[in-house]
Each structure stands twice: as C-alpha cells, then as structure tokens.
Amino acid sequence: MAMLFLRRVVQMALILLGVAAITFVLLYALPADPARMIAGRSATAQTVANIRRELGLDQSLPVQFWSYLSNLLQGNLGRSYAQKTEVATLIMARLPATLTLMFSGIVVEVVLGLTLGTIAAVRRGGFVDRLVMMASFVGVSAPQFVVALLLLYVFAATLGWFPMSGYGTFSHVVLPAATLGVLGAGWYARMVRSAMIDVLNQDYVRTARAKGLSSRRITLRHALPNAVLPVIAMIGIDIGQFMGGVVVVEAVYGWPGIGQLAWQAIQQVDIPIIMGVTLTSALAIILGNLVADLIAPVIDPRIRNR
C-alpha cells in the first residue's frame, strides 16, 4: 500500500506538470491578447506594450512557463489580470459552492444509477430492463442546458417549487444537483447493470439460490457489493469533472462555483485564473482516482493480491 501511494504521488506530480505545460502552450497560442483585453479597444500601442511588459507577456514562452512553475512550487497560482486578486483567493472563495454542488450531484447520480441498474439487471430482457436502458441512453445523450432549462421551466417557473437561481439554501441546490444527477445516472445504471449481470451468473450466487436464500437477500447482500467497484472508479472521475464546475449548469442556475469563475476568465482571457482552475480540476481528478484505488481493496480484498 505504501509503494502504491508513493508511485501515485510521483505520477501526480508528473501529470500536473504535463497538464500545466499543455494548458500553458494552448493559452499562449490563443489569438486573443490579454494585454489588449485589459487595456481596452481605445488604448494606444504603447499602453498595450507597457501592460504586456508589466505582466511578463513580452518574454519568451519557456521563460514565462519557468516563472509560472517557480511561483507554483511556492504555492502561488498567480494574480488575476482582470480582478487584480490572487487566483488562490478567488478559487477558495468559489470552492464551497462547487463542493456543495459536486457532492449533491454525485449522491443523486449514484442513488439513481445503483437503483435503476440493479432493477434492470434483475429484470434483464424484460420491459423494465429495456425501459431503464432507453432512459439511461436518453439521459447520457441529453445536453446539459436542455435538461437544466426543462427542470427550471417545470419545477421553478411552472410549479414554483424551487427558486430559479441562487445559492445558500437546500432548495437552491435541488435543481442543479438533479440536472447533474440525471445526466450522470445513465452511465452508472448501464455500468451497474453489466456488473450485476456478471455477478448474478457467478457460482456463489447459484449456491446461495440453491440454499434457498431469497432473491432480495442475494441481490442486496451478495451481488450488489461485488458490483460496485466500477462505480467507485467512476465516482473518482466525477469528482474531478464536477470540480471543473460544470460550467453550463452553473451558468444556467447562476451557481457561484469555480466553473463560473473559469467561464468569466475565458471571456476576459485571464490566463492565471484559467491555469489555476485547470490545475485544481486536474488535482481533483487525480486525488479522486487515488481515493478510489485505496478504497477498492478494502471493499474487495482480492484486489490486494493483484
């Protein structure tokens, strides 16, 4: 376990370095000029040149990247071009909202996915199975903004059960979490169904049936715990994706997370914020997968011997 953790730490450092390098190069290749965006359209060429020199944008790409890495190793994510505030401060201010939305969305999609996937596996080949698989296909294929606007229209505008936008209470998080949960539940349902069908065909399940155990006990006590390992890995990936803020969902619901912060930064070509949010999301994905790898052997001891 210790060697696994050590290898993962080294891999984390290399992956973050790669993400930083690729993102930095892509941002450097953008046709938009951050200095021009800050100076405004009416600014003179000299003013733009002064801003570029002040921000260090007049230096070569390797020099800029080395300077960024040097600051990053000291825990400094840089300073926002537009907001004149430390990027770390901006991200930390938005982090609670994103974490709230992330955990709520994961809970909704896991509960829905496990329930529907298990029902489909137990009733495989029947009407319920086909209905669940059709619904999961629609769910994973539907655009986020369509689902979000539909939920807003039905449950906020028409029925008035929930607020149209905002943040701070339980009622504010229901529709954004439901949007993310409905979209993600389809993947979980399909994966749980496949895993459950495989587990239900194992010899120990046949033995349990031969002993006279009820179908409900076999499914919940013996089959389901052995079918959740793929779900754990997907949760680790979802943590990173949700940490990215799910920009569309945050924009539709006016959710003040780091995804909305990133969208504003893209519009303003605010490179330090874009870099900071990208690295934060990459770190979240890595940590989520690390947690999944550490938890999986606890759930299934067979993995320890691999």
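Predicted model: local features only at pLDDT ≥ 70, side-chain atom pairs only at ≥ 80, totals over all residues.

Colleague: Which residue does Asp129 pair with?
Modeller: Arg193. Their closest N and O atoms are 2.7 Å apart.

Colleague: What does that pair tie together?
Modeller: Asp129 sits in helix α6, residues 127–141, and Arg193 in helix α8, residues 170–200. So the pair links parts that are 64 residues apart in sequence.

Colleague: Is Asp129 buried or exposed?
Modeller: Buried, at 4% relative accessible area.

Colleague: And what about Glu86?
Modeller: Glu86 bridges to Arg79, with 3.5 Å between the closest N and O atoms. Glu86 is partly exposed, at 32% relative accessibility. Arg79 is partly exposed too, at 46%.

Colleague: Switching topic. Which residues have the most contacts inside the largest nonpolar core?
Modeller: Leu175, Leu180, Met196, Phe242 and Tyr253. That core has 33 residues.

Colleague: Which elements give two or more residues to this core?
Modeller: α5 (87–122), α7 (144–158), α8, α10 (215–227), α11 (229–243) and α12 (247–253). α8 gives the most, with eleven residues.

Colleague: What does Met196 touch?
Modeller: Leaving out residues up to four places away in sequence, Met196 touches Thr118, Ala121, Thr219, Ala223, Leu224 and Ala227.

Colleague: What lies apart from that core?
Modeller: Another core, of 22 residues. Tyr81, Ile91, Ile271 and Met275 are among them.

Key
Residues numbered from 1 in each chain as written. Heavy atoms only, no water. Salt bridge = Lys/Arg side-chain N within 4 Å of Asp/Glu carboxyl O. Buried < 20%, exposed > 50% of the residue type's maximum accessible area, 1.4 Å probe, protein only. Helix = DSSP H or I, 4+ residues; strand = E, 2+ residues; numbered from the N terminus. Core = buried A, V, L, I, M, F, W, Y, C linked by side-chain atoms within 4.5 Å. Contact = heavy atoms within 4.5 Å.
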